[in-house]
Amino acid sequence: MTEALSQPLFGIFLSLAVFLIGQWLFKVGKGFFLFQPLFVGMVLGIIMLVIIGHLLHTSTIEVYTKYYKPGGDIVFWFLTPATIAFAIPLYKRNDIVKKYWFEILLSLIIGSIISLFLIYYVAKGLGLDRTSIAAMLPQAATTAIALPISTAIGGNASITAMAVILNAVIIYALGDWLIKIFHLNQSEIGAGLGLGTAGHTIGSAKALELGSVQGSMASIAVVIIGVVVDLVVPSVARILGL
Amino acid sequence: MTQKQTDSRQPKSAPILVQMGIFAAVLFVSSLISPLFPASFPVPTPVIGLILLYLLLTCHIVKLEWVDNFGSFLISMIGFLFVPSGISLATSLDTMAKSGIQIIIVIIISTVLMLVITAYTARFLILLHNKLQSSRSAHQSTTFKHHSPFKKEVSNND
């Protein structure tokens, strides 16, 4: 039994199975936001790992590393080519990029600086400790940028990783609703940049569903925000005295 | 150049293996560039790859039809590709239990803040841009609102 589980096939199969259940639930539940396939897949997957851990009398973390991760990593690897694929929607709307590049750049820089200060005060207000507050700051970037920056400013990298993943899950589940209640789609460029900043590549996929302008703007946001986090977060952390 | 124009003059797309080859080549080159950045300024392979592929497309070195199908396919299943990341939170269950619900609440609020603030900042700056443009061109035409290329943003949602 455990031999079969430690094949990469198990991780790939589990990922597919929980995601397909999610898609089915989403269809049956007529698009209820908690039935978003990614969210359902994540919750069901974790529950499965916890159950297997109980059956095999080991910890969930061990089940994850020994049995899920070999296959999970294979699926995860494809996020890399999928990320570079966002160059295509970006290129398709090169007209917008050429016309508004200065505003796009400025929006992302100003937007992320304001967000950083607000996130700091929200985190402090809710009583997080110093390392958790610092971990919250680089979350707009993708994991590969956010984690080293988090460590550099004295944050807990595992909390940062959690934040980056949850950003995407939240945007995937609540994106449509948030766009509606904040009337974000009145500016297609704004909606795209916001989705790319808050939801990373998942936000970009969501933005593409809204339209080609939104999709291309979200793609550019993923790139620029990474650089902005690299440059801005360490200085802001210093200003805030972290 | 709108997407529709691009689609209508789009010749036959390249075989899928060729498309995969281009992706692999771009990724390989990116993975060579990525370690050149200092540790204090990390730029990961996928980000470099995105920029590289964008530049290759913009300079017409790589044609759209050489990468479009495979790229769209990858983007269409990005929700699935993210499942392992979601499930990896199984290793953070302890952290979550320790730091309690506050951390999740802060993350949710942060996500909404980043979305809304970036979107509103952009909306304001674009509005400013269009205002400046139209006041500059106002003396030429009173109907600039319908003809100005800077209003194209609103009409191109496809």
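Visitor: Hello! What kind of model is this, and how are its residues numbered?
Guide: Welcome! Chains are lettered from A and ligands numbered from 1 in the order in which they are written, side-chain values use heavy atoms with hydrogens and water left out, and the model is a predicted one in which local features need pLDDT of at least 70, side-chain atom pairs count only at pLDDT 80 or more, and totals for chains, interfaces and linings use all residues. Residues are numbered along each chain as its sequence is written, from 1.

Visitor: How much area do chain A and chain B bury between them?
Guide: Contact means heavy atoms within 4.5 Å, and it takes in 103 residues from chain A and 79 residues from chain B. Buried area is the accessible area (1.4 Å probe) that two parts lose on being put together, summed over both. Of that area, 78% is on carbon and sulfur atoms, and the total is about 8,600 Å².

Visitor: Which salt bridge links chain A to chain B?
Guide: A salt bridge is a side-chain nitrogen of Lys or Arg within 4 Å of a carboxyl oxygen of Asp or Glu. The count between these two chains is 1. With its closest N and O atoms 3.2 Å apart, the pair is A:Lys92 and B:Asp68.

Visitor: Which helix gives the largest share of the side of chain A that touches chain B?
Guide: Helices (H or I, at least four residues) and strands (E, at least two) are DSSP runs, numbered from the N terminus. Between chain A and chain B there is 1 salt bridge. The largest share of that side of chain A, 17 residues, comes from helix 7 (residues 94-125).

Visitor: How far apart are the C-alpha centres of the two domains of chain A?
Guide: Domain bounds come from an automatic or database domain assignment, which gives domain 1 (2-77) and domain 2 (86-239) in chain A. Domain 1 and domain 2 of chain A bury about 600 Å² between them. The distance between their C-alpha centres is 27 Å.

Visitor: Which residues of domain 1 of chain A lose the most area to domain 2 of chain A?
Guide: The area buried between these domains is 79% on carbon and sulfur atoms. Together, three residues of domain 1 supply 67% of what that side buries: A:Phe33, A:Gln36 and A:Leu38.

Visitor: Why are A:Glu62 and A:Lys66 separated by about one helical turn?
Guide: The side chains of A:Glu62 and A:Lys66 meet in a salt bridge at 3.4 Å, N to O. They are separated by about one helical turn because in helix 4 (residues 60-77) of chain A they are 4 residues apart.

Visitor: Is A:Lys206 buried or exposed?
Guide: Buried means under 20% relative accessible area, exposed over 50%, and partly exposed in between (1.4 Å probe, protein chains only). A:Lys206 forms a salt bridge with A:Asp176, with the closest N and O atoms 3.3 Å apart. A:Lys206 lies in helix 11 (residues 188-210) and A:Asp176 in helix 10 (residues 157-181) of chain A, so the pair ties together parts 30 residues apart in sequence. With a relative accessible area of 5%, A:Lys206 is buried.

Visitor: How many helices are there in chain B?
Guide: Of the 158 residues of chain B, 45% count as buried. Chain B has 0 strands, and its number of helices is 9.
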